[in-house]
2 protein chains.
Amino acid sequence: VFYAGCVVSWFGRRPPGSEVPRLKPRGETRATTKVDISDLTPAPIPYLAQAAYFELGVFESLSAAVATAPNLASKEGLSLAAGRALTKHHGLIAEIRRRDREPAEVMAPFAPALDHYRRITAGNDWFELLLGCYLTAGLLDDFFARLSMGLPNDVAPRVAHILAEDAGAEVLVSELQAGIAGDPNLASRLAMWGRRLVGDTLLVARSAMHASGDLPADESRIEPVFTELIAAHTRRMDGLGLTA
Amino acid sequence: VFYAGCVVSWFGRRPPGSEVPRLKPRGETRATTKVDISDLTPAPIPYLAQAAYFELGVFESLSAAVATAPNLASKEGLSLAAGRALTKHHGLIAEIRRRDREPAEVMAPFAPALDHYRRITAGNDWFELLLGCYLTAGLLDDFFARLSMGLPNDVAPRVAHILAEDAGAEVLVSELQAGIAGDPNLASRLAMWGRRLVGDTLLVARSAMHASGDLPADESRIEPVFTELIAAHTRRMDGLGLTA
């Protein structure tokens, strides 16, 4: 399934400080037949601002999951996951400051759309909240990590390192699996919920590309990347025994 | 002001795994005229469990403050403070595991009383929540740090190091000061709130001493410690321009 036609621009105008998008000169093209997202060279500040604000949202959602966890062992495991999202956020914030920009200022243009996204992916109960955290962070961490390859050489490796940190997903998986095992109805409800989440999440990825450097003139070039993101999403669903 | 008569035992029975309390042999007494809380030798597991669960609560309260922060700069600063409380929690949890105990299990006996404490100190709005975090973590971090001196030699220095980490209080102070400067009524409301918090917080400290090794037969010996905790509390109130 490829979610075509979800190219939107939520942000109205290009955020302040964004640079002119460009493709890498042909000479630098990697020796691969696969179309690669790293052909895109995202402008660092909008990229960092969106990734940082997204991780802050993951932290907030996981903190809410900690606060409403049904027992102390769950609380304990989720607090680790929340801490890891927060570490990513602070790592990205440090990169913004390193470029002499004020994090709150550069994140502000992206806050309304990402807040809206977080609201609509928060779910109606604790399990939907957990699945939302697992699937949205799974897909968008993956996306931002791929996009980071096109950042300038002084920042790309550090950002890749920040995003590569273990997201603490095991605890989410084990809680979800335990919940599903104990309640057959939960599986079908969560399968539907997972299918809803992927569409909204791909919209965020598209918007992030737009806002941090625009899509290439020939958008079909990046479709394989989205296909890979969706394949990884399907594997996450499969791992929970849910039909994607 | 010394809050006399607030010796309570909230926990009904001694939690499983607590060791027999004892005072240090006279030969080990420190060469100081000051009565020192380190004359008490708290049982490590109840001590660690209470301190760890308290820090988890601070993290949860600060996360709530992040979620309801009025702007991105506040959110950003408070997320750092939340991260530091979480780091303390995880550091203490690691010490529990190092002693081959399950954190969720050893924290459980203390959860009801500390949850209740967190509820009654959460306040009615964002500023009361911030003042609650600042004053309760200020007093109890100080308390647990002092009590840690009496832990066994294999754990005491690590715990002292964990608790000594900067609590990220500057951001709480600056937010509170800005709020107070912009609203004269807030100062008197927060002054009252601070006075209410100190009584409940000292009760927690007393209970923690009881549960992790009991108070000495002659309780007057530890009164100076409480006097010092209250003096530090008064300095925190003064720093905000509030009458303690």
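How many residue pairs are in polar contact across the interface of chain A and chain B? The rule finds seven, both residues of each pair being at pLDDT 80 or more; a polar contact is a pair of N or O atoms within 3.5 Å, one able to donate a hydrogen and the other to accept it, and residues adjacent in sequence count only if both atoms are side-chain atoms.

**View 1. Confidence of the predicted model.** This is a predicted model, in which local features need pLDDT of at least 70, side-chain atom pairs count only at pLDDT 80 or more, and totals for chains, interfaces and linings use all residues. Residues are numbered from 1 along each chain, chains are lettered from A in the order written, and side-chain values use heavy atoms without hydrogens or water. Chain A averages a pLDDT (the predictor's confidence in each residue, from 0 to 100) of 84. Over residues 1-35 of chain A the pLDDT is below 50. The model scores ipTM 0.75 and pTM 0.81.

**View 2. Salt bridges between chain A and chain B.** Two salt bridges (a side-chain nitrogen of Lys or Arg within 4 Å of a carboxyl oxygen of Asp or Glu) cross the interface. B:Lys75 forms a salt bridge with A:Glu60, with the closest N and O atoms 3.0 Å apart.

**View 3. The contact residues.** The contact (heavy atoms within 4.5 Å) takes 24 residues from chain A and 24 residues from chain B.
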